[in-house]
Amino acid sequence: MDNELFENTPVHKAYIRLALPLVFSMIVTMIYNLADTYFIAATGNTSLVAGVSLCAPVFTLLMAFGNIFGQGGTSLISRMLGQKDAAGVRRVSAFCFYGALLCGAVVGGIMLIFSGPLLRVLGADDQTLGHAMPYYTVLAIGAPFTVASFIPSNLLRAEGMSRESMIGSVSGAVLNIILDPILISVCGMGAMGAAVATVAGYLLSDFYFCMVILKKSRHLSLSPAEIKISGDQAAQIFGIGIPAAITNICSSVCMVLTNQLLLPYGNDKIAAMGIVLKVTLVAQLIMTGLAFGGQPLIGYFYGAKNHEKMRRLIRFSFSFISITALVLTVIIFAGAPLILRGFIDTEEIISIGTVMLRWQVSSSLMAALVQLFTIYFQSTGRMVGSFLLSISRQGVVFILVLVILAKVAGLNGIIAAQFAADLISAVFAALLFYKQLYRELLTEK
């Protein structure tokens, strides 16, 4: 582990060194998501765009299972590194990797067995089912590799190897971008081609990550002989990882519910929302990179009981992320019609999509703060706080707000629901953070 980075580098410099590679990998991931949407939308087939958009919750679900072991393991490993427990780190890392592979295989199998009913739940109808099915099937087959990719990418950052984590993620995304136009258009595979490109990208990332751990890592392990961990360690992994996963699962449920509520208004509304959600990744993934980039520092400082550095880290991280979120909001809000026109030339979709995009991006600051509060709870092992925030913004709060506004204001209410949910969640998160964590750091040396 790079002890110089964690122990002697100024907090703001260490944060940036860890966060920027992750932000860069998130940007490349964003580009591949946008490229995926671009090549599918270029077909001009609204049903195809809607069919693929309906499968977006599948990615979120797979990410959720990856985060159980990725974020849960990273939180524990960061604290264990601060406590100098090298043997424990090896056992936890091996457990997380093989646990994720097994979990992905089980989830993929269930997805294949119940493909028809699940696609109907996702909002597929007779027009979109034929496009959604091949895309969904390939994602289900590749589920173990997709879920597993979230483990080493997170754990390498906990050891200070943020650059290697970035290279692995970027290499997979670049392969995806290269394969997309070839498989979708040249080979005429359509939605299936997009899914094959995605799974191939994850396979490449997995291979690279495994090579790095085997050849360069000083603490992480892929040895099946070291997967045995204590009950307390398992409780900490799942106690933090499951709330992190709940965030993604809730996000999937919310997307499904949104699509179901949009269905009566036409597939063009679902297509518009699918494109809008891809575009908002510009802000969301950058904010995610900045928030998660500081996770190794948070866990390390907290595990080492260095509360002075924790206080400095809190001040810097919240200021830096807030300024970045505001800048991105202004850019996307102002350029909404132009951005959407880059993906599709259907004026009806551009018109409603502009309204959707502006509402979605207007709450970027609030969403970023909620995410950062959540990362602090996860990294310090605060299971209750992590759980409460995990079920709020993209969970209980959003669902309640969405259902109420849909009944009161119809389509406009559905569009404005995320903004209202983010506002409520940000206020709740700030109060919870101050009560459960910040007061402790203020009083302890």
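1. Let's start with phenylalanine 320, which touches Tyr15 and Leu290 once residues up to four places away in sequence are set aside. Please keep in mind that this is a predicted model. Phenylalanine 320 sits in helix α15 (residues 307-334), and its relative accessibility of 27% makes it partly exposed. Isoleucine 242 is 78 residues from phenylalanine 320 along the chain, and their C-alpha atoms are separated by 28 Å.

2. Now for the aromatic rings, where the count comes to 16 pairs. One of them joins phenylalanine 95 and phenylalanine 238 edge-to-face, with 6.2 Å from centre to centre and 80° between the planes. Because phenylalanine 95 belongs to helix α5 (residues 86-113) and phenylalanine 238 to helix α11 (residues 231-262), this pair ties together parts 143 residues apart in sequence. Phenylalanine 238 is partly exposed, at 29% relative accessible area.

3. Elsewhere, ring pairs link Phe318, Phe373, Tyr376, Phe377 and Phe433 into a cluster. Another ring, that of phenylalanine 333, has arginine 358 over its face, at 5.0 Å from the ring centre.

4. Have a look at glutamine 360 too, in helix α17 (residues 347-362). Is glutamine 360 buried or exposed? Its relative accessibility is 12%, below the 20% cut-off, so glutamine 360 counts as buried. Beyond its neighbours within four places in sequence, glutamine 360 is in contact with Met273, Val276, Leu277, Thr280 and Gln418.

5. Finally, helix α19 (residues 383-390) has Gly385, Ser386, Leu389 and Ser390 buried. These residues lie on the same side of α19, because they cover an arc of only 130° around the axis. An α-helix has 3.6 residues a turn, so residues three or four places apart point the same way.

Technical notes. Residues are numbered from 1 along each chain as its sequence is written. This is a predicted model: local features need pLDDT of at least 70, side-chain atom pairs count only at pLDDT 80 or more; totals for chains, interfaces and linings use all residues. Side-chain values use heavy atoms; hydrogens and water are left out. Helices (H or I, at least four residues) and strands (E, at least two) are DSSP runs, numbered from the N terminus. Buried means under 20% relative accessible area, exposed over 50%, partly exposed in between (1.4 Å probe, protein chains only). Contact means heavy atoms within 4.5 Å. The arc is that of the directions from the helix axis to the C-beta atoms. Rings of Phe, Tyr and Trp (its six-membered ring) pair if their centres lie within 6.5 Å; planes under 30 degrees apart count as stacked, over 60 as edge-to-face and the rest as tilted. A charge sits over a ring if NZ of Lys or CZ of Arg is within 6 Å of the ring centre and within 35 degrees of the ring normal.
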